[in-house]
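This report concerns a single protein chain.

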Amino acid sequence: MKKIIITLLIVLSVNLAFAQQEDRFRVGMDFGFAVPKAGGGGALLYLEPKYNFKSNMNIGLRFGVVGMARDVVYNTSNETVKGEVSGNGSFALTYDYHFHKEGSNFAPFLGAGVGRALFSNLAIEDPIGDGDDIGQLSTNSATFGMVRGGFETGKFRLSLDYNFLPVSDIVDVSNNVIGETENSYFGISLGFFVGGGRWRNSSF
């Protein structure tokens, strides 16, 4: 009986020493704020399944939804007008590298990704304030890049990301280009993940 107890304790201590396990899948969900390059603000939601091909490295597929209210530049008159974006969706292939130290459940990381984004319609208010619409942004898609950094502790995660999106044309009701708007944004998010192990006392 004593030998069985000792064996179980050894097995348990080995399991508790695992960090993020290699050859395991995990799924993360992040919520946060989006700060458009054009000015304004909004909210974001990311869902990201990943595969740990090393105990400190993984690849994933991030699905994102972002809703923002932002300023846009109306080039014809060189004025700033207010516009609202109902949202945009995206997916991106991602890679993260974690800097984990033995004896700590704290793991900083750096990452990057590339993918496609779909932009939603944008209604523009008249800059003179009479409420008339002067243009709209038609739905289109584009390739984008992303860089990020942050840290994970246990099963929780804080991330800062910047998404490099191209500018979009603003067109009037006759489909004439009357200006453009920036789509790049900075994201600040908190989240958690399930599966794939948790950060514990282990070295890579």
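The sections below proceed from the whole chain to individual residues.

## Overall architecture

The model is predicted. Its secondary structure comes to 1 helix and 12 strands, and the order of elements from the N terminus is α-β-β-β-β-β-β-β-β-β-β-β-β. The chain has 204 residues, of which 40% count as buried.

Among the contacts in the chain with a separation of 6 or more, 64% are accounted for by residues 24 or more positions apart. The accessible surface is about 10,800 Å², and carbon and sulfur atoms hold 64% of that area.

## Aromatic pairs

Phe-25 counts as exposed because its relative accessibility is 62%, whereas Tyr-51, at 25%, counts as partly exposed.

Another tilted pair is formed by Phe-53 and Tyr-95, whose centres are 6.3 Å apart and whose planes make an angle of 35 degrees. Phe-53 lies in strand E2 and Tyr-95 in strand E4 (residues 79–98), so this pair ties together parts separated by 42 residues in sequence. Phe-53 is partly exposed at 29% relative accessibility, and Tyr-95 is partly exposed with a relative accessible area of 33%.

## Charged groups over rings

Arg-26 lies over the face of Phe-193, at 3.5 Å from the ring centre. At Tyr-46, the charged end of Arg-62 sits over the ring, 3.9 Å from its centre.

## Salt bridges

The structure holds 8 salt bridges. One of them brings together the side chains of Lys-37 and Glu-182, at 3.9 Å from N to O. Both partners are in loops: Lys-37 is between E1 and E2, and Glu-182 is between strand E11 (177–181) and E12, so the bridge links parts of the chain 145 residues apart. Lys-37 counts as exposed at 52% relative accessibility, while Glu-182 is partly exposed with a relative accessible area of 25%.

Arg-157 takes part in a salt bridge with Asp-96, at 3.3 Å from N to O. Arg-157 lies in strand E9 (residues 156–164) and Asp-96 in strand E4, so their pairing ties together parts that are 61 residues apart in sequence. Arg-157 counts as buried because its relative accessibility is 6%, and Asp-96 is buried with a value of 0%. Arg-157 also meets Glu-152 in a salt bridge of 2.4 Å, N to O, and both of these residues are buried. Salt bridges with shared partners join Arg-26, Asp-30, Glu-48, Lys-50, Asp-96, Arg-148, Glu-152 and Arg-157 into one network.

Asn-88 lies in strand E4 and is buried, with a relative accessible area of 8%. Its contacts, apart from neighbours within four places in sequence, are Gly-64, Val-65, Val-66, Met-68, Leu-118, Phe-119 and Ser-120.

Asn-105 is found in the loop between E4 and strand E5 (106–119), where it counts as partly exposed at 38% relative accessibility. The C-alpha atoms of Asn-105 and Glu-152 are 8.1 Å apart in space, although the two residues are 47 residues apart in sequence.

## Nonpolar surface patch

Which residues form the nonpolar patch on the surface? The patch consists of Val-27, Phe-31, Leu-45, Leu-47, Phe-63, Val-65, Phe-91, Phe-156, Phe-192 and Val-194, and together they have about 890 Å² of accessible area. Elements that give two or more residues to the patch are E1, E2, strand E3 (57–74) and strand E12 (185–195).

Phe-31, one of the patch residues, lies in strand E1. Phe-31 is partly exposed, with a relative accessible area of 43%.

Conventions. Residues numbered from 1 in each chain as written. Predicted model: local features only at pLDDT ≥ 70, side-chain atom pairs only at ≥ 80, totals over all residues. Heavy atoms only, no water. Buried < 20%, exposed > 50% of the residue type's maximum accessible area, 1.4 Å probe, protein only. Phe/Tyr/Trp six-rings, centres within 6.5 Å; stacked < 30°, edge-to-face > 60°. Helix = DSSP H or I, 4+ residues; strand = E, 2+ residues; numbered from the N terminus. Lys NZ or Arg CZ within 6 Å of the ring centre and 35° of its normal. Contact = heavy atoms within 4.5 Å. Areas by Shrake-Rupley, 256 points an atom, 1.4 Å probe, with all protein chains shown as cover. Patch = residues over 30% accessible without salt bridge, like charges linked within 9 Å, V, L, I, M, F, W, Y side chains within 5 Å. Salt bridge = Lys/Arg side-chain N within 4 Å of Asp/Glu carboxyl O.
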